[in-house]
Amino acid sequence: MTISTEIPTRTLVESLVREDASIDAGELYDVAAALGMSDQQVRLCIKRLVAEGQFSHEGRGRKAVLRATAEMRGALEPDLEYLRLMYAQDRGQAGWDGVWHLAAFAVPESQRTARDGLRDAIVGLGGAAIQGGLYVSAHAWEGRIRSAAQELGVSGLTTAATVDLEVGGSTEPRELAERLWPLDRLAAGHERLLAAAESTLRALPSADATARVTLAVSLVAEFDRAHDPDPLLPPELLPRDWIGASARAAVAESWAALDSAVLPPIRLFRWYADVVADITATT
């Protein structure tokens, strides 16, 4: 079995937290080896995570057990609302209402850290820069942006919504989306995700227990890599036959097959399985 997805050691450790918040060190080392990681690499990562207070460590070597702290358990949960929205859009069950949502802020240089944090939060929510300090999204995001601004202590935030948006002389929604978001780069990420999902389906019939977990971890990592920068634009703003929808369909098929192959009770695996179950129930 060949795994081409590059996975940081920390991501691997966090991916193997079980539903009781534990990690079986033997399973961790086996999957790490299948991904081309050395035991020393894993040990150093565990040491850092324990030093940061993210995990406790009981026992030695492959018989050890790691336990995620309450803080770490909360940080590991994926945005299930985001996952469900992407599949609802793919099925035509979450159409765009034609409204553009704008956010602008003016933060003085003396609050540079807060300013940078708010910008990162806005971009993380799928916002695209129109000009300095002014961002746009196709989704209602006002509540989340206000929460981010409040946490950062930023008061100079303005939000608005409009159905009339013109940027650089363009008003046509698909042209605006192509101008504002890096669709070519996003498509390339989804092409890699589609290839990973298809590779998973091919490898699964002959995979042993460790290989199944390795395939699942690799697929989740590739899924996250493709979607972390994705603003999840509604289909009305994307090129027809958008590769993202095809990639997500292949992921759902691969995940259903992985779940049927009896994956261990790992928290991340169960979350993805629940989303796939929701998709199956509504199609």
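## The sheet and the helix packed on it

Strand 1 pairs with strand 3 (residues 65-68) through three bridges, in the antiparallel sense, and within this predicted model Ile23 is the residue that stands opposite Leu66 of strand 3. Helix 2 (residues 25-34) packs on the sheet, where it touches strand 1 and strand 3, and its direction makes about 60° with that of strand 1.

Taken as a whole, the sheet is open and consists of three strands in the order 1-3-2, with antiparallel pairing. Strand 1 (22-24) and strand 2 (55-58) each have a single partner strand and stand at the edges, so one side of each is left without a neighbour in the sheet. From one strand to the next, the twist averages 25°.

## Salt bridges

The structure holds 15 salt bridges, and one of them joins Glu58 to Arg67, with the closest N and O atoms 3.3 Å apart. Glu58 is partly exposed at a relative accessible area of 37%, and Arg67 also counts as partly exposed, at 33%.

A salt bridge also forms between the side chains of Asp90 and Arg248, at 2.6 Å from N to O. Because Asp90 lies in helix 5 (residues 80-90) and Arg248 in helix 11 (residues 243-260), the pair ties together parts that are 158 residues apart in sequence. Asp90 is partly exposed, with a relative accessible area of 29%, whereas Arg248 is buried, with 3%.

## A salt-bridge network

Asp116 forms a salt bridge with Arg115, their closest N and O atoms being 3.6 Å apart. Through salt bridges that share partners, Glu109, Arg112, Arg115, Asp116, Arg119 and Asp120 are joined into one network.

Technical notes:
Residues are numbered from 1 along each chain as its sequence is written. This is a predicted model: local features need pLDDT of at least 70, side-chain atom pairs count only at pLDDT 80 or more; totals for chains, interfaces and linings use all residues. Side-chain values use heavy atoms; hydrogens and water are left out. Two strands pair if DSSP finds at least two bridges between them. Helices (H or I, at least four residues) and strands (E, at least two) are DSSP runs, numbered from the N terminus. Axes are lines fitted to C-alpha atoms, for helices over the stretch in contact, and angles run from 0 to 180 degrees between N-to-C directions. Contact means heavy atoms within 4.5 Å. A salt bridge is a side-chain nitrogen of Lys or Arg within 4 Å of a carboxyl oxygen of Asp or Glu. Buried means under 20% relative accessible area, exposed over 50%, partly exposed in between (1.4 Å probe, protein chains only).
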